[in-house]
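Welcome! Have the sequence and the 3D view ready, and try each task before you read its solution.

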Amino acid sequence: MPFKYIHFILIPLIVFIISFSFRFLYDSFFLSKIKAPVNFSNDSAIDDINEDELDYDTIVNKLTDVLKNHNSEKSFTIGLVGPWGNGKSSIIKMVSSQLKPKISFFKMMFNYLKFADKDNPIIINFLPYLNHKEEDIISEFFTSLSKELSYFNGKLANQILEYSKRLTNIYKENQLVEFFENVASKSIETPSKNLYDDINIRLGEIGKKIIVFVDDLDRLSDSEILEVLKLIRNTADFNNTIFVVAMDKDYVVSRLKVNNEILDSKFIDKFFQLEILLPELETKTLGEYFIKLLLKSDLASISNFEDRLNFALKNKYNLFDLYVKNLRDAKRIANQIIFEYPFFESELDLKDFMNFTYFKLKFPKLIKILNDNRNTLLKIDKTGQFYQLPMVKPSDKKKLFNTNQSKETVIIIDKFQSLDKYKIYEELKAEDLTVRDFINVQKDDLDLLLKTLACLFGEENEIENNHSIKFENNFRKLMQQKFLTTDLLESEYQLLFQNADLPLNDLGTPYNLPYDLINVLFEQHKLTELLKRFDYFNSNSIPHVKWSILILGILYEKRVDYQLNEIEVLRLLHSFVDKRIELNADNKGVGTWLLNNMFEEILSLENKLLLYGEIWHRRKDSHLWDIKREYFVSLTLEAFKEYVAQFKEQKINVDNYSIYNVYHSIKLVGGIENEIKQIFISLWNDENIEVLCVQMTQFAPFSGSGFTISDFASEIFQNKLNFINFVEGLRTERNNISIIQFLMLFNLCAITDFSKYILFKFRDDSMMIARVTKELEKNKLKKINDAEKIQVFFESNDEEIINKIIVNESLKSKYEMSAFLFKEKHYLLVVFDEVNARHNIGLVFPQEMLRNVIPNTSWDQKPFTLSNVLNKKPFYISGEKYIEVFSIQPPIPIA
């Protein structure tokens, strides 16, 4: 049976048909609906007139009509003339697409395309720039022509190839003059001429119009341009052939003039019978096209990108119009922005980023030069935060631009001030070409370079926020194309404000402030960057201003833990409170809001008092933060009372001097200084008096054994004697051992009228020992100078004997002596070297004193033996008059 096994054929065939149909439907209807995000714009020309965005449809339709309807016995050449990158290739492709017949699917399947109606022309797209040798241009053209003609006349196709070989050989033998002289008009019969005529006859027989599109003539060298022109004018001057040549005519003419190939554009004009001029695209058109390119990319998904883009392009110092002259420029720059901007997104000002992108693409070598020499070409401002172009001082400017200079040397452009105000102008405009050659910039580009630097780093680029390229961090980011781990990202900054627009009373108590995020920023070392970011806060949103104040309040509260600059935090706080007062459109009390929301909810009692003092200190500018004066004063006083009460309830750490800082901060507030002092004094009692003594004891510079009473004691107690009496009044049996040491020291200080640092050694179990140890460690002292000396105080009730000792020339030359009167007693302070201290005290000084001052004294008495000195036994000079050792510090033990 002939159909017995037919199922072996039918089943696979059916499966194939079903699979093919499914795939066709899937590709046609499903995948066509799924469009991948469009990011980059390639430089390919468009062929669909419906995709034309530059209104070239009129030119395309007119040129198509000309190509369809024009017929001639000889070739006809049309020049499509326009600046580089203005869409000439797209026009060629759109025209070519218009010329192609609409062929049905079945005709295409059976290759009917080549045998279509005679009215359909033969179309050749010739790209001469793809050939590597001049002779290849001829060969490639005729090979393409032969291939197209082979569908209609095989012999004609072969003749074309033979013709090409002959031309190539003539070219190699340097006899091209035969064809360059217009071979079609020669009267002399030659093999090449005969072949040329035969080709023309056969072209007439097939009746097909030949249209040759020649693109990118302006990409060729001068010799290659000549080769194409010779091809058009002479060697391919065939019957009913039309050449459409796309070119930048100015470029072609300038290339041919370089080697004196031509004298002027008239040489080019004779090759073209019709020129279609494409004018330069308007900046507005290019701008709209540029915006479309960016908005078709993933950048459109960035929040408010379209608004930012329009705002950036409208800025008068955006150099788009100077850098973007054609479609190719627009695509190239758009692609660069699409690629790089997502790395920075909201971190950088878009206008600055665009100007930097223009600059980088136009002057790539300058990027490295600028980065390597940024501290020379640019200068950092006084705050150390942003770069700016160095300016010429008035005196320098006179030297640079005197009256003999031409006015043309000073560049003045509409939106730019005179650029000669910048120092770099002198370098770039100087006759010395050293700098210009080093940066490899053409003279014609110098003005553009100067304008660009001015728009990036000059006065023209005003800093409106912290996104400016002038900021050192932002400049570094662009140069390095990366962020440091310490850079604060805009997304992180915005995260701090995620609750800013909520009513504060809806956030709970305490408010849902971003403590955790601030801690994270601290751990990532980003808080310094956060302060810089606040410095350029430019929002007038009251909720955001309030939220900023609260965040700064947190930073002030934890400034020590966060290692922040207190002055910087306070400056920002004042700035934001001022802004809040200015924006007080709701007529609500700003001061009341601050007290309720920051002072009560965020600040500790201590920091609250410190901030009160700061606000009072700047009251002329701060206006007391919208708090009434009387209320402000009473708040401060009550807060200090509460603060001291908290101190009383806890054991005071001897190293805690915070109450002193608070006192100094608020003591001048509204005339409450005396009350503040009394509250301070009330803190101390017999249980904590030793702490006060330690804190009121002042060290001699770079010493661990020389002391005096702090001047702060005089400020609080009116004078230092009152302080000593206060300490004496709190001495009890429980604190007697520790307090008596301080009273000994303080009384020695009193004897000298507090004019000397007193050497003193405290007991090992004293609080003061711990402080001495820390002082030595803090100053990294290996040996204390005072430790090499011993101070001895002599006491007497005889002023005459003390005066005689002090004025004695022999004693003055050997010893450091001072005399004092205290509580009707006379004192002599003698400083000894430690090495011979024992002997000096016991023998030398007292014996010399007796010999020189009291010569009638019997030497047999030996009143100043070491034992008598150390036991402070008085020596009676006569009657009730005596002199004795009152104090030896540091003490010398008795053997």
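Predicted model: local features only at pLDDT ≥ 70, side-chain atom pairs only at ≥ 80, totals over all residues.

Residues are numbered from 1 along each chain as its sequence is written, and side-chain values use heavy atoms, with hydrogens and water left out.

**Exercise 1.** Find S146 and work out whether S146 is buried or exposed.

*Solution.* 
- Step 1: Go to helix α5, residues 134-149, where S146 sits. Helices (H or I, at least four residues) and strands (E, at least two) are DSSP runs, numbered from the N terminus.
- Step 2: Check the relative accessible area, which is 5%, so S146 is buried. Buried means under 20% and exposed over 50%, with partly exposed in between (1.4 Å probe, protein chains only).
- Step 3: List the contacts (heavy atoms within 4.5 Å). Beyond its neighbours within four places in sequence, S146 touches A157, N158, I160 and L161.
- Step 4: Look at A157, whose backbone oxygen is 2.8 Å from a polar atom of the S146 side chain.

**Exercise 2.** Trace the order of the strands in the open sheet.

*Solution.* 
- Step 1: Follow the five strands, paired in parallel, as β2-β3-β4-β1-β5. Strands pair if DSSP finds at least two bridges between them.
- Step 2: Inspect β1 (residues 76-81) and β4 (residues 241-247), a parallel pair with six bridges. Here V81 has M247 in β4 as its bridge partner.

Technical notes:
Polar contact = N/O pair within 3.5 Å; in protein donor to acceptor, adjacent residues only side chain to side chain.
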